[in-house]
Amino acid sequence: MMMLGLGSVGLVLLSLAVQSGHGAQDSAVWSREETTERNYYTRYHNMSEITAWMEQMKRENPDVVSSMVYGQTYERRNITLLKIGLSSTVRKKAIWMDCGIHAREWIAPAFCQYFVREILRTYKTDTKVNEMMKNLDFYITPVLNVDGYIYSWHNESTRLWRKSRSPGTGGCTCYGTDLNRNFYANWGMVGVSTDCCSETYCGTKALSESEAWAVTDMLGKMREDILAFLTIHSYSQLILVPYGHPNISAPNYDELMEVGLGAAMAIKAVHGMDYTVGTSPDILYPFLGSSQDFARLIGIPLSFTFELRDKGEHGFELPEDQIQPTCEEAYAGAQHIITYTHDKAFYSYAATVTATLWTTLLAAWVSSAILL
């Protein structure tokens with residue numbers, strides 16, 4: 001059985017039948033009690049529930065939400081995105097967001113769901129969101145690493161699974177490739193492993209994994225339309241900008257840092273949480289083959305990786321009572337980036353700089369007020 005309707009009144013989540021083999025649903029039996037729509041977004045959801053939620057978003061918002069299958073996983077499951085935006089007679093620009101490229105980072109799909117809920121909840125009453133929905137389409141993949149995510153829900157022993165679920169080659173008996181080391185972006189050079197049992201195994205070659213290939217194919221087709229690329233991870237409370245190579249800087253590094261710092265200020269203004277902004281070599285560690293670097297290399301100007309809460313107390317097992325505050329602050333950060341992106345594309349650059357400065361100053365003021 002699967003999730004019943006998610007509407008303004010509430011929803012009922014029933015236990016899921018156990019299945020096995022290719023295309024199987026989550027093998028653990030999970031049950032949910034009746035809950036409100038608000039409470040739905042304060043809990044983690046397995047893949048079956050997320051799939052049913054995506055269908056419900058389409059049914060409830062047929063004028064602005066559609067879905068697209070743009071690839072398949074190794075285990076032949078669909079990789080599906082939601083396309084959100086108001087219809088237009090002209091070709092529209094786009095924002096890309098994906099979540100769940102690493103299976104154990106459950107807060108990431110939770111954020112994608114929250115983000116969708118918020119823009120659908122506000123676009124009719126918030127003039128800015130409405131304007132952006134007219135000018136932009138949002139392409140949002142709630143779970144990219146579907147096989148790995150399902151596997152992480154099997155039981156406690158698989159909860160911290162990170163990689164895909166493709167089998168090793170050349171006699172290696174381990175499973176999975178780190179999808180965020182498998183993109184054609186200085187692949188295999190730094191911060192990766194060629195040991196297929198490693199958490200950072202980069203695969204046998206760039207794009208050896210069907211999941212990475214699916215994203216690459218979509219970005220390639222849409223590269224002239226996508227203005228910003230956001231990929232959501234956890235944990236460490238970081239906003240990463242390209243590139244992962246210690247000796248290579250993005251041509252618009254200063255702009256990326258300015259926008260990222262503005263997003264961090266917006267995040268801090270919500271619950272007082274500090275996010276650090278920079279390249280991964282500067283604030284984390286160097287690594288190559290990431291989707292973020294690939295997006296910037298093919299010409300998508302604004303490319304960011306969010307590493308959500310926390311800083312290591314709970315790590316990948318962030319408690320459910322932190323889902324809502326984490327999503328609220330991350331939404332503010334993402335909204336800052338998207339607003340900047342939109343205004344730069346549709347208004348003069350000078351106006352964008354002024355608006356960005358005002359947003360940053362306002363966030364700083366709100367943040368200081370909260371801390372008083």
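## First stop: a loop residue

Select Leu 207, which is found in the loop between helix 5 (146–152) and helix 6 (210–222). Helices (H or I, at least four residues) and strands (E, at least two) are DSSP runs, numbered from the N terminus. The phi angle of Leu 207 is near 65 degrees, a positive value in a residue other than glycine. Is Leu 207 buried or exposed? Leu 207 counts as buried because its relative accessibility is 18%; buried means under 20% relative accessible area, exposed over 50%, and partly exposed in between (1.4 Å probe, protein chains only).

Before continuing, please note that this is a predicted model, in which local features need pLDDT of at least 70 and side-chain atom pairs count only at pLDDT 80 or more, while totals for chains, interfaces and linings use all residues. Residues are numbered from 1 along each chain as its sequence is written, and side-chain values use heavy atoms, with hydrogens and water left out.

## The whole chain

Now display the entire chain. The chain has 11 helices and eight strands. Of its 372 residues, 56% are buried. Among the contacts with a separation of 6 or more, 73% are between residues 24 or more positions apart; contact means heavy atoms within 4.5 Å.

## Further loops

Select Arg 76 next, in the loop between strand 1 (65–72) and strand 2 (78–84). Arg 76 has a positive phi of about 65 degrees although it is not a glycine. Arg 76 counts as exposed because its relative accessible area is 58%.

Move on to Tyr 243, in the loop between strand 6 (238–241) and helix 7 (253–271). The peptide bond that leads from Pro 242 to Tyr 243 is cis, with omega near 5 degrees.

Then select Asp 310, which is placed in the loop between strand 8 and helix 10. The peptide bond from Arg 309 to Asp 310 is also cis, and its omega is near -5 degrees.

## Glu 307

Which feature does UniProt place at Glu 307? The unreviewed UniProt entry gives "active site" at this position. UniProt positions are given in the numbering used here, feature names are shortened, and annotations may be inferred rather than shown by experiment.

Glu 307 belongs to strand 8 (residues 302–308). Glu 307 is classed as buried because its relative accessible area is 10%. Not counting residues up to four places away in sequence, Glu 307 touches His 233, Ser 234, Tyr 235, Ser 236, Gln 237, Leu 238, Leu 240 and Tyr 275.

Select Cys 112, found in helix 3. Cys 112 counts as buried because its relative accessible area is 0%. Leaving aside neighbours within four places in sequence, Cys 112 is in contact with Trp 53, Met 97, Asp 98, Cys 99, Ile 140, Thr 141 and Pro 142. The C-alpha atoms of Cys 112 and Cys 99 are separated by 6.3 Å, and the two residues are 13 residues apart along the chain.

Thr 122 also lies in helix 3. Thr 122 is buried, with a relative accessible area of 13%. Beyond residues up to four places away in sequence, Thr 122 touches Val 129 and Tyr 331.

For helix 2 (residues 47–60), select Glu 60. Glu 60 is partly exposed, at a relative accessible area of 36%. Between the C-alpha atoms of Glu 60 and Leu 120, which are 60 residues apart along the chain, the separation is 9.9 Å.

## Last stop: the largest cavity

Which residues line the largest cavity? Select Phe 115, Ile 119, Val 129, Met 132, Phe 138, Tyr 331, Gln 335 and Ile 338 to show the lining. Helix 3 (107–122), helix 4 (127–135) and helix 10 (323–346) each supply at least two residues of this lining, and helix 10 gives the most, with three residues.

Conventions
On a 1 Å grid over the protein atoms alone, a cavity is a set of points where a 1.4 Å probe fits but cannot get out, and a pocket is an open set with protein on both sides within 12 Å along at least five of seven lines; lining residues have an atom within 4 Å of a point.
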